[in-house]
Amino acid sequence: MTIQLDFSTLNLQDALDLAVLVEKEAEDRYLVFADQLGQRYPGDAANFFTMMARNEQRHGTEIAERRRLLFGDTPSRVKANMIENDIEAPETGKAIRYMSPRQALEVAMESEIKAYQFYDSILQVIQDVEVRQLIQSLRDEEAEHQTLLNEQKAKYHDTLEPDFDPEIDELHFHRIRES
């Protein structure tokens, strides 16, 4: 059950705690995707999702450190059950077998856009100046992440076709048949 968080009442600590939860959920989802797909070769979709998980973890750690410096070990009042799922995390059904690294990048892009839209939408109700500044900076960081992903597109074939490697997949197919 989700208990709706009233964004208009967020103080700075709550906003930082919210952001940490958002990053953690995205990190965890990317790790689930990488595990579901299984790494087949260096640079595949699972590898891309693992890289995204590291990025989300790094961003979450930066936010958590900022929170710790400002508020120490004060317990968080914002809990995961108080916020919607998938604010930045990709939707659970987005990882598909044989997805290409480019498809994985597109899934990540959707998630960064979704996070930007979330932060932008809650700005409408936030009155506290410090919280507004934090939310604006989080929103702007999501825009920067989109820019970085757009720059990454040059590394991947401009195709959304399934990622089938005949040598790897044929070898795997024969091993299964022989067992």
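Author: Tyr30 has a relative accessible area of 0%, so this residue counts as buried, a term that stands for under 20% relative accessible area, with exposed meaning over 50% and partly exposed in between (1.4 Å probe, protein chains only). Because the model is predicted, local features need pLDDT of at least 70 and side-chain atom pairs count only at pLDDT 80 or more, whereas totals for chains, interfaces and linings use all residues. Residues are numbered from 1 along each chain as its sequence is written, and side-chain values use heavy atoms, with hydrogens and water left out.

The search of the whole structure gives five aromatic pairs, where rings of Phe, Tyr and Trp (its six-membered ring) pair if their centres lie within 6.5 Å, and where planes under 30 degrees apart are called stacked, those over 60 edge-to-face and the rest tilted. One of these pairs joins Tyr30 to Phe49 in a stacked arrangement, with 5.8 Å from centre to centre and 25° between the planes. The partners come from distant parts of the chain, since Tyr30 belongs to helix α1 and Phe49 to helix α2, 19 residues apart; helices here are DSSP runs of H or I with at least four residues, strands are runs of E with at least two, and both are numbered from the N terminus. Phe48 and Phe49 are both buried, and ring pairs join Tyr30, Phe33, Phe48 and Phe49 into a cluster.

Arg29 is itself buried, at a relative accessible area of 14%. A salt bridge is defined by a side-chain nitrogen of Lys or Arg within 4 Å of a carboxyl oxygen of Asp or Glu, and by that rule there are 12 salt bridges. Among the residues involved, Lys24, Glu27 and Asp28 are linked in a network of such bridges.

In helix α2, Arg68 and Glu65 lie three residues apart, about one turn of the helix, and their salt bridge brings the closest N and O atoms to 2.7 Å. Here Arg68 is partly exposed at 42% relative accessibility, and Glu65 is partly exposed at 34%. In another salt bridge, Lys94 meets Glu110, with 3.0 Å between the closest N and O atoms; Lys94 sits in the loop between α2 and α3 and Glu110 in helix α3, 16 residues apart, so that distant parts of the chain are linked. Lys94 is partly exposed at 28%, as is Glu110 at 40%.

Taken as a whole, the protein chain has five helices and zero strands, and 40% of its 179 residues count as buried. Contacts (heavy atoms within 4.5 Å) with a separation of 6 or more come to 81% from residues 24 or more positions apart.
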